[in-house]
Amino acid sequence: MAVLLGLAFLCGGCATGQAPEKAAWPDFWQPHLLYLQRAPCDWLYVEIDAVEGAEPKDATVEALRGMLQRWCDKPGGVRVVRDDLLPRDEARGLALTVLDLRLMDGPPKEAEGAAYLHILFYDHRLLPEPVLGGKAYGHVLALPYPATVYIDRGNLKTSWLGLANCFEKWLLFHEVGHALGLVRNPDHLHSDGTHCRHASCIMYGHGGVATFLARAFTLQWFTSDEKEFCCQCRQDLAAMRDGPPDEKLSFVGPVLVRAEGQYHVLALPNDVTVYFGPLDTVSWSEVLDDARRHATEAAPSSGVYGGLAMSERFGGVDELAAAIEGAKADPDPFVRWLAGELGEKLIAAAKENMPPAPPVESPPRPSGHEVRDASRAGGDEKGDGP
Ligand SMILES: [Zn+2]
Ligand SMILES: [Zn+2]
């Protein structure tokens with residue numbers, strides 16, 4: 001049986017040249033609202049994983065909990081959990097996506113339906129290739145999966161003779177601020193288009209540790225966590241929290257789901273599955289296992305893995321073809337590319353594997369007239385997609 005999703009079969013491929021960039025945030029979805037608003041996720045589960053030697057200080061974790069409690073409307077609570085600590089020898093040579101997926105456990109059973117945020121503290125010195133073309137102190141990817149915050153604590157520890165290490169908390173707040181939807185308001189956008197133009201704000205367009213240091217000494221950041229964001233960023237957070245929701249989005253475990261009527265887009269780090277079928281047939285642990293396998297098998301720089309999958313509980317081949325046509329008009333160019341590239345392949349697989357339609361009375365065929373049945377009955381257990 002297909003491994004990817006219970007009751008599903010899959011065809012997939014890896015897109016090259018589709019790697020997400022740290023760029024302006026796409027406006028076709030508002031995933032940050034899942035963190036800020038009380039519905040559909042009435043609580044927030046934050047999983048912190050780290051490579052040994054790059055783990056955050058306890059005070060940083062506590063400060064983060066306080067910051068999230070201040071800004072996220074979660075009547076069920078904000079749970080911040082320190083999870084895995086991967087020995088350096090095991091981490092050495094693993095690509096960042098592999099680390100991310102390997103350490104990601106997702107929320108526990110009792111936390112199903114929580115908004116999920118993954119925070120990964122890594123050390124670039126152990127990676128096989130540079131991050132974002134060089135050394136990044138921290139980053140969040142706008143696509144395909146904006147729910148992991150990456151912090152290069154190795155870089156903090158080695159910059160400025162180790163002084164940069166003091167700024168762990170502010171760096172984390174800055175990157176989590178991106179995950180919470182800051183800064184998108186054109187009223188106070190920095191000229192780089194992705195940061196705040198107020199120098200007193202932690203979302204300021206920073207040029208590196210030098211800026212952090214200069215501002216720390218001149219603006220007394222250390223005095224109060226509540227002053228982490230400038231007045232306008234605080235207003236933005238409140239407005240987003242109280243504004244209209246993005247009703248298409250939800251989490252299934254750690255998988256970020258966008259519902260588009262005839263299909264669902266399932267996102268994990270560097271992994272996208274366009275799923276044709278009801279959401280309750282998705283086993284997120286299987287989706288996660290498959291993403292781990294894709295990331296491990298792929299060369300580190302090979303971009304985002306994409307696949308199409310279909311549940312046996314999805315209608316017939318005609319419905320599938322219509323849904324694929326819908327996906328070809330998806331707002332995300334990567335999903336459009338996938339549907340165009342792999343749609344025919346999935347339809348062919350569906351024709352082979354779909355159980356015959358419920359019996360309908362057919363008129364007797366004239367004898368001697370050869371009729372070819374285009375939709376052969378399935379029955380052979382299909383293995384993993386190619
Ligand atoms: Zn930033
Ligand atoms: Zn600001």
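Glutamate 341 sits in helix 11, which spans residues 333–353. Helices here are DSSP runs of H or I, at least four residues long, numbered from the N terminus. This is a predicted model, where local features need pLDDT of at least 70, side-chain atom pairs count only at pLDDT 80 or more, and totals for chains, interfaces and linings use all residues. Residues are numbered from 1 along each chain as its sequence is written, while chains are lettered from A and ligands numbered from 1 in the order in which they are written.

Glutamate 341 is partly exposed, because 14 other C-beta atoms lie within 10 Å. With C-beta atoms placed from the backbone, 20 or more such neighbours make a residue buried, 12 or fewer make it exposed, and partly exposed falls in between. Lysine 328 is 13 residues from glutamate 341 in sequence, and 9.7 Å away in space, C-alpha to C-alpha.

Now the core. The largest nonpolar core holds 104 residues. Such a core is a set of buried Ala, Val, Leu, Ile, Met, Phe, Trp, Tyr and Cys residues joined through C-beta atoms within 7 Å. Helix 11 gives the most to this core, with eight residues. Domain 1 (29–242) and domain 2 (270–353) each supply at least three; these bounds come from an automatic or database domain assignment. Among the residues with the most contacts inside the core are Leu44 and Ala115. Contact means C-beta atoms, placed from the backbone, within 7 Å. Leaving out residues up to four places away in sequence, alanine 115 touches Leu34, Tyr35, Cys41, Leu44 and Phe251.

Methods: Helix = DSSP H or I, 4+ residues; strand = E, 2+ residues; numbered from the N terminus. Contact = placed C-beta atoms within 7 Å.
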